Amino acid sequence: MSFDTIIRNGTVVTASDTFRCDVGISNGRITAMADTLDDALEIIDASGLYVMPGGIDSHVHLAQPSGDGIVMADDFASGTLSAAFGGNTTVMPFCLQEKGSTLREALKAYHAKAEGECFVDISFHIIVTDPTGHVLGQELPALVADGYTSIKVFMTYENLRLRDDEILSTLDSARTSGALVMVHCENEDVIRFLIGRHEANGELAPKYHAISRPVAAEREATHRALSLAEIVDTSIVIVHVSNREAMEEIARARARGGKVAGETCPQYLMLTANDLDATELEGAKFVCSPPPRDEKSQIACWEGLQNGTFDLFSSDHCPFRYDDDQGKLNEKGKRNFRWIPNGIPGVETRLPILFSEGVGKGRIDLNRFVALSSTNHAKLYGLYPRKGTIAIGSDADIALWDPMKSVVISNDILHHGADYTPYEGLEVTGWPVRVIVRGKTVTDGDALVATKGLGNYLARTRSTSF
Ligand code: DUC
Ligand code: ZN
Ligand code: ZN
């Protein structure tokens, strides 16, 4: 049998197994796995490397309008390029419904932005901001049938949040149509009250962003979202969880029989609220929501990755330039934390951080790394087993990892559109040295060897996790 490509001498790692094996690829798929394979147009020597499923980052924001003249630092080209260099082969950006528009109109606009631009495969979650009868009764069921099988709702941000009755109707429609609902859990009324108090006191520095979004506001909203899902018997994903109290809500909901998935992100392992209290306005670089907490919360989030509270480790890549009047330091943001856009870059650093801090420091094993970074995302969001594993018949989406390669993270070596990384100076060991999407090499060492447009849009099935 002849192959397009053979990956030889590597150690294959999946979410369940680690074994020595050659991998044969034909027409973009894995077609053979055996001790020794011969005869291919291209042989890649993976001696000393791990052959892992490419990362799936199911939580990224690209080219998403943020209002007030703020512009996201990544479009689909730069965001997916950065994703590829970070070991990812699929990302799942959000498609924002503008109030007054339909979901189909939103999708049309985002498909136009992404078409021909991507370096890795993509698939959209739709952010529902205007859950009209038409949206929930007609559009959502038809969209699920067309492969748009997940949506996100917000409990915070004046212009995005849904009221509880709207969340209930959305969850109820999702149950009947088969969509999976991701929820951003923070109590908007609490946050607005606290922002108002700090503004009245003239407390306007970036650190007040974290102070006005306390753990209790996240815990309460997490509890409420889980209760609303329980009331209409719907599965739910609690995204970007930052602390133990919200984790405990997830555990309690599961103990009551709730179908709940949990997600955390690198910022909750590596940053704290103290980072927002840097000199001058540097703290703006770390403004994201929910905000990073404290060292005890970091420990809690590691426990959650170990014990299964979290199924997903995603970046929540939401990049804004720092020194830019369309970014963090816009005219109003320089004067008041309320106007600093929320979000930080991280799609390229997610996997090296989890590998180095997790596998390298003995907190998780290699198989859990693969589950948290790829396989569970594919299962939860309806891409498995086409994506998220190394198996015969799966897409040949592969990251070759050098577990010994040490890199000092610095913005100079990253490929995103932001002008900083929150992880500047962090040394990591373990780095993706070659990334292959459906059999085609996209990155080889520091070199980009593909052209944009290689990434496809992925229609998805319903979640297979619950
Ligand atoms: N929520 C996200 O999911 N990403 C960035 C900002 C936010 O509030
Ligand atoms: Zn969110
Ligand atoms: Zn996000």
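**Cysteines**

I looked up Cys301 in this predicted model and found that Cys301 counts as buried at 0% relative accessibility, where buried means under 20% relative accessible area, exposed over 50% and partly exposed in between, with a 1.4 Å probe and protein chains only. I then searched for disulfides, taking a disulfide to be a pair of cysteine sulfur atoms within 2.5 Å, and by this rule the count came to zero. Cys288 is in no disulfide, the nearest cysteine sulfur being that of Cys265 at 8.4 Å, and Cys288 is buried too, at 3% relative accessibility. For Cys301, which is also in no disulfide, the nearest cysteine sulfur is again that of Cys265, 8.9 Å away.

**Conventions**

I note that residues are numbered from 1 along each chain as its sequence is written, and that chains are lettered from A and ligands numbered from 1 in the order in which they are written. Because the model is predicted, local features need pLDDT of at least 70 and side-chain atom pairs count only at pLDDT 80 or more, while totals for chains, interfaces and linings use all residues; side-chain values use heavy atoms, with hydrogens and water left out.

**Zinc ions**

For metal sites I took donors to be N, O and S atoms within 2.8 Å of the metal (3.2 Å for Na, K and Ca), and since water is not among the atoms, sites may look incomplete. The zinc ion (ligand 3) is coordinated by His59 (NE2), His61 (NE2) and Asp316 (OD), at 1.9 to 2.0 Å, and its donors follow the spacing H-x1-H-x254-D along the chain. His61, in the loop between strand 8 (55-60) and helix 1 (76-85), and Asp316, in the loop between strand 16 (312-313) and helix 11 (331-335), are 255 residues apart, so this pair links distant parts of the chain; helices (H or I, at least four residues) and strands (E, at least two) are DSSP runs, numbered from the N terminus. I found both residues buried, His61 with a relative accessible area of 4% and Asp316 with 7%.

The zinc ion (ligand 2) is coordinated by Lys152 (NZ), His184 (ND1) and His240 (NE2), at 2.1 to 2.2 Å, with the donor residues spaced K-x31-H-x55-H in sequence. Lys152 lies in strand 12 (residues 150-154) and His240 in the loop between strand 14 (236-238) and helix 8 (244-255), so the pair ties together parts that are 88 residues apart in sequence. Between the zinc ion (ligand 2) and the zinc ion (ligand 3) I read a separation of 4.1 Å.

**Backbone geometry**

I noted a positive phi, near 50°, at Asp316, and likewise at Ala63, where phi is near 50° in a residue other than glycine. Ala63 lies in the loop between strand 8 and helix 1 and counts as buried at 19% relative accessibility. I also recorded a cis peptide bond from Ser289 to Pro290, with omega near -10°, and another joining Tyr384 and Pro385, with omega about 0°. Pro290 is in the loop between helix 9 (267-270) and helix 10 (295-307), whereas Pro385 is in the loop between helix 13 (366-380) and strand 17 (398-408). For context, most residues other than glycine have a negative phi, and most peptide bonds are trans.

I traced an open sheet of four strands in the order 5-4-1-6, with mixed pairing; two strands pair if DSSP finds at least two bridges between them. Strand 5 (29-34) and strand 6 (40-45) stand at the edges, each with a single partner strand, so one side of each is left without a neighbour in the sheet. Strand 4 (residues 22-26) pairs with strand 5 in the antiparallel sense over five bridges, and Ile25 stands opposite Ile30 in strand 5.

Elsewhere, strand 14 and strand 15 pair in the parallel sense over three bridges, with Ile236 opposite Val260 in strand 15. Strand 15 (residues 260-264) is mostly covered, five of its five residues being buried: Val260, Gly262 and Thr264 point one way, and Ala261 and Glu263 the other way.

**Helix 3**

I listed the buried residues of helix 3 as Val135, Leu136, Glu139, Leu140, Leu143 and Val144.
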